[in-house]
Amino acid sequence: MNNASSPAFEFPFLEECFSFRDTVGQKIIESSRTDDRDAFYVCDLGDVLKKHLRWMSALPQVSPFYAVKCNDSRAVVTTLASLGTGFDCASKTELELVLSLGVDPSRIIYANPCKQISHIKYASAHGVQMMTFDSEEELIKVARCHDKARLVLRIATDDSKAVCRLSVKFGSPLKACRGLLERAKELGLNVIGVSFHVGSGCTDPKAYMQAIADAHCVFKIGDELGCNMDLLDIGGGFPGSDDAETKFDEMMDVINSAVHKYFPADSGVKIIAEPGRFYVASAFTLVVNIIAKKVIMGKDSSSDEEDEGAKEKNNGRTMMYYVNDGLYGSFFCSALECSTYLPTLYKKPKPDEIMYPCSIWGPTCDGLDRIVEQCYLPDMQVGDWLVFENMGAYTVAASSTFNGFKRPDLHYVISRPAWQHMQQIGLQGMPA
């Protein structure tokens, strides 16, 4: 395995008989000793390892090329480089990050169909050859800037069942593929395969079956035109936590069936994918602090769905909690995806503790900065902590410092058994 060398990262091992949640609790105790009580992440790199092993077991014919845009944390990228994954990069900055870790350019696909010219030149100068395209204009740019490019034609798919649709922006319709392949030959360009993306957060496993069938049709067109195509990129869309609406195993069954039908092992076609949230969503836990609180009294403050008994217990009180991270930070994509992240409590409530309807708001001055429209929590106080799990995907990478609020600090841990397992399978370059 071609492993990347990497700089050292300082993070603790999980203590013996010490769980990841214990580590989160320890960090909360440490942070409670200061006035700042800033929001922070704790990442279990051992969870990233578990996801990798699960992928390799479920999809042995498909090589993972991690989508850096999902979470560009250097420790995560270093971990995956050490595990031997490939990388899906979308910009010069992402290329620089991956290449700086010693990753061979052959393990990178520049999977952005609409590239800036200077970024294409950077890829050319640093040996990154695989890149996607979906238009004649992109072919012309590549022909001028990268004579050794190995091009992958991205096709549009039915992503209507995805949380974030991508084919409205990227991908060539099937009817236009022949013309693009012909134009590539005229320009002397080497088209090596086909790619697609069924959308981020795909909820319909059958979308992969149709997309793989469509890719097979394009391969046939390529054969007719004399293209030597031997790569299929099935993109991303894979769930990152077991509580996702669509289960990972369901997708794997569909993908393995489609691959076996259209691109069997003896076809000579290499198959890759671009998983992002699958690898990192469940590895990250976000901890936020309640910085302000407002109590609203009155019968109209409770939900219409709340039963009369509950209203009587909480006396019609609704809580508004303000925390030190929000939509302009770690929760940016929750608004785009129309998804809800519900918090858990650092300390479990007592069995008879009254639960109040509440909303949770971010720290900025924007009235739209609401994280949770309604959930039920006990009477919390300023300075208390809330925990959000499964926060590794499109959070760290998408956050901003709007209104001057800083991004949460990142803390990394790994269990000794996970570390030892990585050593046993010959991996090098991991943080120590």
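Q: Which residue in β6 is the bridge partner of isoleucine 109?
A: In this predicted model, local features need pLDDT of at least 70 and side-chain atom pairs count only at pLDDT 80 or more, while totals for chains, interfaces and linings use all residues. Residues are numbered from 1 along each chain as its sequence is written, and side-chain values use heavy atoms, with hydrogens and water left out. Strands β5 (residues 108-110) and β6 (residues 130-133) run parallel and are joined by two bridges; strands are DSSP runs (E, at least two residues), and helices are runs of H or I with at least four, both numbered from the N terminus. The bridge partner of isoleucine 109 in β6 is methionine 130.

Q: In what order do the eight strands close into a barrel?
A: Strands of a sheet pair through backbone hydrogen bonds, either parallel or antiparallel. Here the pairing is parallel, two strands being paired if DSSP finds at least two bridges between them. The order is β3-β4-β5-β6-β7-β9-β11-β12.

Q: By what angle are neighbouring strands of this sheet turned against each other on average?
A: Axes are lines fitted to C-alpha atoms, and angles run from 0 to 180 degrees between N-to-C directions. For this sheet direction is ignored, and the average is 30°.

Q: Is glutamate 138 buried or exposed?
A: Glutamate 138 sits in helix α6 (residues 136-145). Beyond four places in sequence, glutamate 138 touches Asn112, Pro113, Cys114, Lys115, Ile120, Thr132 and Phe133, contact meaning heavy atoms within 4.5 Å. Buried means under 20% relative accessible area, exposed over 50% and partly exposed in between (1.4 Å probe, protein chains only). Because its relative accessibility is 3%, glutamate 138 counts as buried.

Q: How far apart in space are alanine 207 and aspartate 158, C-alpha to C-alpha?
A: Alanine 207 is found in helix α8 and is buried, with a relative accessible area of 12%. Alanine 207 and aspartate 158 are 49 residues apart in sequence, and their C-alpha to C-alpha distance is 6.6 Å.

Q: Which cysteine has the sulfur nearest to that of cysteine 358?
A: The whole structure has zero disulfides, a disulfide being a pair of cysteine sulfur atoms within 2.5 Å. Cysteine 358 is in no disulfide, and the nearest cysteine sulfur is 3.5 Å away, in cysteine 375.

Q: What relative accessible area does cysteine 358 have?
A: Cysteine 358 is classed as buried because its relative accessible area is under the limit for that class. The value is 2%.

Q: What average pLDDT does the protein have?
A: pLDDT is the predictor's confidence in each residue, from 0 to 100. It stays under 50 over residues 1-9 and over residues 426-432. Where pLDDT is low, the predicted coordinates should not be read in detail. In the protein, 84% of the residues score at least 70, and the average is 87.
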